[in-house]
2 protein chains.
Amino acid sequence: MSTPSNNTPHATTAAEGKFITPLDHIQSIDVPHSKIPVFDSIAAFREWRKEQTRQNKVVGFVPTMGALHDGHLDLVKTAKKECDAVVVSIFVNPAQFAPHEDLDQYPRTFDTDYASLVSTNACAAILLPKVSEMYPVGISLDRSQQRGAFVEVQGLSHQMEGIPRPHFFRGVATVVTKLFNIVQPDRAFFGQKDAQQCVVLRAMIRDLLLPITMRAVPTCREADGMAMSSRNRYLTPEMRKISTLLYRAITAAKKNIVEHKVQDREEILKPAYAIIEQVKQECKDQGLDFDIRLDYLSLVDVETLSELQVLGESQAAILSGAVYVGTTRLIDNVLINTEEL
Amino acid sequence: MSTPSNNTPHATTAAEGKFITPLDHIQSIDVPHSKIPVFDSIAAFREWRKEQTRQNKVVGFVPTMGALHDGHLDLVKTAKKECDAVVVSIFVNPAQFAPHEDLDQYPRTFDTDYASLVSTNACAAILLPKVSEMYPVGISLDRSQQRGAFVEVQGLSHQMEGIPRPHFFRGVATVVTKLFNIVQPDRAFFGQKDAQQCVVLRAMIRDLLLPITMRAVPTCREADGMAMSSRNRYLTPEMRKISTLLYRAITAAKKNIVEHKVQDREEILKPAYAIIEQVKQECKDQGLDFDIRLDYLSLVDVETLSELQVLGESQAAILSGAVYVGTTRLIDNVLINTEEL
């Protein structure tokens, strides 16, 4: 790696005048010398990218949908340790939302996102592409109306998160392919919280022979164990308080495996179901005005994502689940017999 | 562009010992100083490719399934005019064949292909990847059994050639994406003979935001108008003699448009159907032991590939068809109101 440098004159000069500088309208931060170039034009970004190649820089990439939290920032900092120049993209991808999902409501908080990225001192460029450039022929949320090129990873996309969201991983694989083709990173960083996404994208990188090293970075958690997520901001304080139930459920199940050497699926998951049932009952007893609804608990092989009835002795697996707290859907996972996805 | 050079010491040194040199077992050609490196390892090829970047070379790419004819060689020569270093891949792609099609019978003629490429003096490297590297989790011809990442261009893949071959363009888009990710060409060259393929791939390059310029090169024809094709070698001399029927049919239809300003589909295609019917009858009358069977004639808009009932006054369109001569399926096309696909 060459000497790390976020904002060499060279890196920004190529696209001078083509990127927007949100600092102009951000009042709350005090880092006037830490401007990060923000590219909303793909052509301008490509010029910047070429300059990185000319300077022989190792480029890292953290794709996001914005609404950045400490989990994202941890990805950026991790990337900076391994790369010379880290690109963060912010793009709320229509193709991974179904018509009934929260595309319109999804939080868009660019100004604070920008300030957060400046604060990391680890981000060299922000890619903020327009929907019209990312989907040149448009993008309908109705899959039957969609036109153009899509990427699908067969065999890994229709279980777990793919059951309630059959459109989801096709949307993710497609947008990540597009972003990869723009950013051309040497290394790409994803959060382990989206475990199935990590498995799908690792398979995609392998199958499409993309010259990219993928890293799945462990989930960032609040002090009480709650996995960080952009959707957590949908939770009221009352909801937030009980929302650790999913993490408590899957860690109880993991304990069953690690400490008690349980291998039978039903036995493994029993305490997890019990915790969720208990919290559900408590909410009811306290007359809270929202419901808890378990979507699923899952124990799958880490390679095939097939549900396991019996866990092999040192079989690498993902123990995961999804739960609705009110209308907010939370997901979480822990790894069994493996350190990184 | 830097000075063209097919075989600088640098270009081959990076992968020394990792590529096979088929000249060692080719006796029939006399060009000992024109060795072209042949890479059957993707990793070794990538080293060669990096060297091209270091030397600032514009890389052109001609993907083929081998069984090269003058049409392919014309693509290579055209590419060389526009690029510093031209890569030719030879890969018979299982994913674009259905179980009942001719994957096993497809001609594999590497030695003569190699000699042909040497004779062009325009090919800098040959990529000859293994199926196991191109499809890391294997590739079943039975689509329901396929696993892994696939690329599909929706809206352009299931008409015309996609009707009898619903698997075909998904297979093509997938393998070309893989090859692009290996070769990382600046420009890619395809033959206009596969018109729908050109339209599908141009859309794919646009939608996936691949930084590649696509060129569709006019079809090479024999003296009698017959479009060159690797599958022509399946034809007996008797079959070959009448096989110009498709070209004669579509040029008659085109004449209807260009000279007689006909706009109605049925009127446009009438002489084409007549020519095919006539040749069919002649074969029968002469007691030839093979059948002629028209698969389809098509007149589509060049952007949407939707069939046109009425051709707009200066509407760009593709006039194409497919016909079986015996068991060999021939395709051909001519362009209306446009020069390049």
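## A buried asparagine

N93(A) is buried, with a relative accessible area of 1% (buried means under 20% relative accessible area, exposed over 50% and partly exposed in between, using a 1.4 Å probe and protein chains only). You'll find N93(A) in the loop between β3 (85-90) and α4 (110-120) of chain A; helices (H or I, at least four residues) and strands (E, at least two) are DSSP runs, numbered from the N terminus. Leaving aside neighbours within four places in sequence, N93(A) touches M65(A), Y135(A), G171(A), V172(A) and V175(A), where contact means heavy atoms within 4.5 Å.

As for R329(A), it sits 236 residues from N93(A) in sequence and 18 Å from it in space, C-alpha to C-alpha.

## Ground rules

This is a predicted model, so local features need pLDDT of at least 70 and side-chain atom pairs count only at pLDDT 80 or more, while totals for chains, interfaces and linings use all residues. Residues are numbered from 1 along each chain as its sequence is written, chains are lettered from A and ligands numbered from 1 in the order in which they are written, and side-chain values use heavy atoms, with hydrogens and water left out.

## How the copies are related

Chain B superposes on chain A by a rotation of 180° with 0.0 Å of shift along its axis, at an RMSD of 0.0 Å. The two copies are thus related as by a two-fold rotation axis. Within chain B, V151(B) comes closest to the rotation axis, its C-alpha being 2.3 Å away.

## Where they meet

The contact takes 31 residues from chain B and 31 residues from chain A. Of the interface residues of chain B, 100% are also interface residues in chain A, so the copies meet through the same surface. Together the chains bury about 2,500 Å², 56% of it on carbon and sulfur atoms; buried area is the accessible area (1.4 Å probe) that two parts lose on being put together, summed over both. On the chain B side, Q154(B), L208(B) and L209(B) lose the most area to chain A, together 27% of what that side buries.

What holds for charged and polar pairs across the interface? The rule finds zero salt bridges (a side-chain nitrogen of Lys or Arg within 4 Å of a carboxyl oxygen of Asp or Glu), but it does find 16 residue pairs in polar contact, both residues at pLDDT 80 or more. The elements of chain B giving two or more residues to this side are α2 (42-54), α5 (131-134), β5 (148-154), α6 (168-183) and α7 (195-207). β5(B) provides the largest share, seven residues.

## Cysteines

A search of the whole structure turns up zero disulfides over all chains, a disulfide being a pair of cysteine sulfur atoms within 2.5 Å. The sulfur of C123(B) is 12 Å from the closest cysteine sulfur, in C83(B), too far for a bond. C198(B) is in no disulfide either, with the nearest cysteine sulfur, that of C220(B), 13 Å away.

Terms used:
Least-squares fit on C-alpha atoms with pLDDT ≥ 70 in both. Polar contact = N/O pair within 3.5 Å; in protein donor to acceptor, adjacent residues only side chain to side chain.
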